[in-house]
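Here are my notes for your first look at this model. Have the structure open as you go through the points.

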Amino acid sequence: MALISLDRMKEIMDVPSAAGTLLKKSEKEIRFALNLKMSRDEIICFDAFVVYHNVVLGPAKGGIRFSPNASMDETKNLAEIMTYKNALMGLPFGGGKSGICFYPYKVDDFTRIAIIKEYVHMIREELSAGSYVPAPDMGSTPQDMATIYGETHKPETVTGKPVIIGGLPGRLQATGRGVSCATKLGVENLLGKKLKDADITIQGFGNVGRWTAYFLHNMGARITGISDIGGALYNKKGIDVEKLFLHSPSSRDTVSGFSGAEPLSPMEFLSLESDIFIPAAAENVITGETAPKIKAKMVVEGANDPTTEEGEKCLLANGTHLLPDFFANSGGVIASYIEWRNAKSGNQTSAEEVFDMIDKKIEASFHAALQARKERKCNSLREAFFSLALNSLIEAMKARLWI
Ligand code: NAD
């Protein structure tokens, strides 16, 4: 991952050079075109990417991103994050990701279904063999996973499906559940505060942002700021998250125009005074330019890759605590693991059991990272979490005689 160098890890732990070699490159990169004839005169063509970064722990697992900015480089980076996320959480999955280059909110349902069916057509063997198991990511939804299931007819080929067709109760909320649990641990153990005394701002009111806001609000925290692509909101006394759900019922809607808070510009939003800032939208939000404006005492990465190297340096120099993406947003893939396991075994799990497993895994990993930070003299918590994930990958490579 861009923010961690394996050379730096060699200074704090034993990293066999063969393991470093295997982790430096993705194992498989597939690039294809999704071409659809829409009418006699019109065709649409979208670029699509599937990457397996490293599969020593199991099949490649990671979501499908629908975005006009999707690219091979972005997909490779996100697949790599998945390798470390799955390893950190002790899941039997490797790191994978897909990207399809289109703006999902501008296409009608008919076209969307056609795009996904064509995507399945192009990688049917990967899906049928179970070597890549997709799930929702930015821009994609449980309905899109239902379309994939409709094409493969095997429930274990895709996770994040609607509950009624073999999806998992709690999967929709799972990433936000994990981010809220990570935030609580950080507030109590790093800031020495109680959650009910903390002011929190959240960027993004899509799947991750809205459920993070929901759980933190219900745990008693004050969510003072929320933004999305359409606008930003501030209320010093706390935004009523349940009312905001009614105003903005899905990721396609916007928080803009909500009457229970004042509107702000995106830059005013980033500069808000708060205890915690949770980027839960896009990547490269915290940069060398924006980081000096962030006044929060802790950043919890709900989104994947929201912080650049310069951004992180600046936050750490200012004494801001940072909980990294591959730890903080792992709730979604933990739930996906339960859904995948249930699809194979026929077992059923309640949302409470799912949330319980997420909370336990996040808590155990948080305390292990605090310990690793001390023992390995890490410069940041990101390094500490990374050292734990890397250690699992090295052990798995040894067990499979890869190194
Ligand atoms: P989503 O499509 O449901 O929602 C994205 C949200 O971000 C929307 O509210 C959108 O308006 C907002 N947004 C986009 N660009 C913005 C900008 N420039 N400024 C402010 N807001 C902006 O996506 P999601 O599933 O919530 O994913 C968000 C992030 O979390 C992504 O980085 C994704 O990779 C990561 N993530 C998602 C999951 C999951 O289970 N969905 C799991 C782990 C990580």
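1. A word on terms: two residues are in contact when they have heavy atoms within 4.5 Å. This is a predicted model, where local features need pLDDT of at least 70 and side-chain atom pairs count only at pLDDT 80 or more, while totals for chains, interfaces and linings use all residues. Residues are numbered from 1 along each chain as its sequence is written, and side-chain values use heavy atoms, with hydrogens and water left out.

2. Start with Arg171, in helix α7 (residues 171–189); helices here are DSSP runs of H or I with at least four residues, strands are runs of E with at least two, and both are numbered from the N terminus. Leaving aside neighbours within four places in sequence, Arg171 is in contact with Ala135, Pro136, Gly160, Gly332, Ala335, Ser336 and Glu339.

3. Buried means under 20% relative accessible area, exposed over 50%, and partly exposed in between (1.4 Å probe, protein chains only).

4. Next, look at Thr201 in strand β7 (residues 199–203). Thr201 counts as buried because its relative accessible area is 2%. Among the residues it touches, not counting those up to four places away in sequence, are Thr224, Gly225, Phe269 and Phe277. Thr201 and Ile223 are 22 residues apart in sequence, yet 5.9 Å apart in space, C-alpha to C-alpha.

5. Leaving out residues up to four places away in sequence, Ser380 touches Glu312 and Leu316.

6. Now zoom out. The protein chain has 15 helices and 13 strands. Its radius of gyration (over C-alpha atoms) is 20 Å, close to the 22 Å that the globule rule gives for 403 residues, so the chain is as compact as a globular protein of that length. That rule is 2.2 Å times the number of residues to the power 0.38. Buried residues make up 56% of the 403.
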